[in-house]
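Reader: I've got a model open and would like to talk through a few of its features. Can we start with the loops and then move on to strands and helices?

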Amino acid sequence: MVKIQVRYGKKTADWFLRFGIERSKLQKAFSLLHEKEFPDKKINKFINIKADTRYLDSGYYFGSNTLDIGVAPFRKKYDKKSRRRIFTRDLLHEFRHWIQDKLLKVKEKELDYTAHIVT
């Protein structure tokens, strides 16, 4: 059985409430994404999510279980629909890094991009 548990604190819960994102639905979505890509890999893991108004950017640090989602840009600039779209995009992007670390065992160095590679 695949079980990805999502954990977060009060401040993050407030942001999720604002965007209409329910923990149970998020856990199901993460588990479905996992099952689709890795049907034979059974896991029971947890992910901490931290949405913080001090962060401009989102990030995942290899070796951790925490997805940091920066919500500082959302203060006044965007309407609710745009904020939700950006928030979801960042959350899924950092979840992808979690998968690369925890399930694919990709080393962080393999994902570092230099200016030469990008151009």
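This is a predicted model: local features need pLDDT of at least 70, side-chain atom pairs count only at pLDDT 80 or more; totals for chains, interfaces and linings use all residues.

Reader: Is Lys-105 buried or exposed?

Author: The cut-off to keep in mind is that exposed means over 50% relative accessible area. Lys-105 has a relative accessible area of 59%, so Lys-105 is exposed.

Reader: What is the phi of Lys-105 near?

Author: Lys-105 is a residue other than glycine, and still its phi is positive. The value for Lys-105 is near 60°.

Reader: Which residue in the hairpin of E3 and E4 takes a positive phi?

Author: That hairpin has five residues between the strands. A positive phi near 95° turns up there, and the residue that takes it is Gly-63.

Reader: Where is Leu-56, and how far in space is Leu-56 from Val-71?

Author: Leu-56 lies in the loop between E2 and E3. With a relative accessibility of 62%, Leu-56 counts as exposed. In sequence, Leu-56 and Val-71 are 15 residues apart. C-alpha to C-alpha, the spacing of Leu-56 and Val-71 is 6.4 Å.

Reader: On to the strands. Which residue in E4 is the bridge partner of Lys-50?

Author: Strand E2 (residues 44-52) and E4 run parallel, joined by five bridges. Within E4, Lys-50 has as its bridge partner Asp-68.

Reader: And which residue stands opposite Asp-68 when E3 pairs with E4?

Author: Strand E3 (residues 59-60) pairs with E4 over two bridges, this time in the antiparallel sense. Opposite Asp-68 in E4 stands Gly-59.

Reader: How many residues of E4 are buried?

Author: Strand E4 covers residues 66-70 and is mostly covered. Of its five residues, the number buried is four.

Reader: Now the helices: what is the orientation of H2 and H3 to each other?

Author: The axes of helix H2 (residues 23-37) and helix H3 (residues 80-102) come within 12 Å and cross at roughly 45°. An angle under 35 degrees would count as roughly parallel, and one of 65 to 115 as roughly perpendicular. H2 passes H3 in a right-handed crossing. The two helices, H2 and H3, are therefore oblique.

Reader: Which residues in H3 do Leu-26, Phe-30 and Leu-33 in H2 meet, and how many residues in the contact are nonpolar?

Author: On the H3 side, the partners are Leu-91, Leu-92 and Phe-95. By class, the contact of H2 with H3 has no polar and no charged residues, and the nonpolar count is six.

Key:
Residues are numbered from 1 along each chain as its sequence is written. Side-chain values use heavy atoms; hydrogens and water are left out. Axes are lines fitted to C-alpha atoms, for helices over the stretch in contact, and angles run from 0 to 180 degrees between N-to-C directions. Angles under 35 degrees count as roughly parallel, over 145 as roughly antiparallel, 65 to 115 as roughly perpendicular and the rest as oblique. A crossing is left-handed if the near helix is turned anticlockwise from the far one by less than a right angle, and right-handed if clockwise. Contact means heavy atoms within 4.5 Å. Ala, Val, Leu, Ile, Met, Phe, Trp, Tyr, Cys and Pro count as nonpolar, Asp, Glu, Lys and Arg as charged, and the others, Gly among them, as polar. Buried means under 20% relative accessible area, exposed over 50%, partly exposed in between (1.4 Å probe, protein chains only). Two strands pair if DSSP finds at least two bridges between them.
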